[in-house]
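Student: Please take one surface part of this model and look at it closely, then connect it to its surroundings. I would like the cut-offs spelled out as you go.

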Amino acid sequence: MLGYFLVFFGAAIPWIEIMIVVPLGIIRGLSPMWVIILSFAGNMATVLLLIVGFQHIKEWMARRKQKKGKSQSKRQQRAEQIMNTYGLPVLALAGPILIGTHIAAFIGLVLGAKKMNTAIWSAVSIALWCLVFGILTAMGFDYFVDRT
């Protein structure tokens, strides 16, 4: 039971995440299915906290900007539209192996992605990479370890 808690907790910590936790959990002899599920849940929980927290800060900054009478420029509107159309899926899918899921979500939000889109693409990416790491580790571990 402690092993499964450590999988959940490890996946929730930025920079440790699913790329390390999933293979380690499976190699330690835990059920690949539960390792994948708990890794997804742990990583997604902290990514959602980041998204919700970032949104509050962004809204506070927007209210402050509005009080000063400044509005969003056409250039900023166009940059957000491009990011929401093309950039976020690639950023979210490449994030876990290049920069981490938390940093990818943060960068997406900074560049103007909507919080719902960021949450959805982060969930898709985390689920995909949990499955990939889980299946490859389980297959590779079974291949190299004789369990007779």
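Tutor: Ile97 counts as partly exposed because its relative accessibility is 39% (buried means under 20% relative accessible area, exposed over 50%, and partly exposed in between, with a 1.4 Å probe and protein chains only). This is a predicted model, in which local features need pLDDT of at least 70 and side-chain atom pairs count only at pLDDT 80 or more, while totals for chains, interfaces and linings use all residues. Residues are numbered from 1 along each chain as its sequence is written, and side-chain values use heavy atoms, with hydrogens and water left out.

Ile97 is found in helix H4 (helices are DSSP runs of H or I with at least four residues, numbered from the N terminus). Together with Ile16, Met19, Ile20, Leu24, Leu98, Ile99, Phe106, Ile107, Val110 and Leu111, Ile97 forms a nonpolar patch on the surface, whose accessible area is about 940 Å² in total (Shrake-Rupley method, 1.4 Å probe, with only the protein chains shown as cover for residues). Such a patch takes residues with over 30% relative accessible area and no salt bridge, joining nonpolar side chains (Val, Leu, Ile, Met, Phe, Trp, Tyr) within 5 Å; a salt bridge is a side-chain nitrogen of Lys or Arg within 4 Å of a carboxyl oxygen of Asp or Glu. Two or more residues of the patch come from each of helix H2 (17–27), helix H4 (74–98) and helix H5 (101–110).

Helix H5 also holds Thr101, which counts as buried because its relative accessibility is 5%. Leaving aside residues up to four places away in sequence, Thr101 touches Glu17, Asn43, Val47, Gly95, Pro96 and Ile126 (contact means heavy atoms within 4.5 Å).

Asn43 and Val47 are among the buried residues of H3, which also include Val35, Ile36, Met44 and Phe54. Helix H3 (residues 32–67) has 36 residues and spans 53 Å from its first C-alpha to its last, close to the expected 52 Å, where the expectation is 1.5 Å times one less than the number of residues. After H3 comes Gly69, with a positive phi near 85°.

Definitions and conventions:
Patches are made of residues with over 30% relative accessible area and no salt bridge: like charges are joined within 9 Å, nonpolar side chains (Val, Leu, Ile, Met, Phe, Trp, Tyr) within 5 Å.
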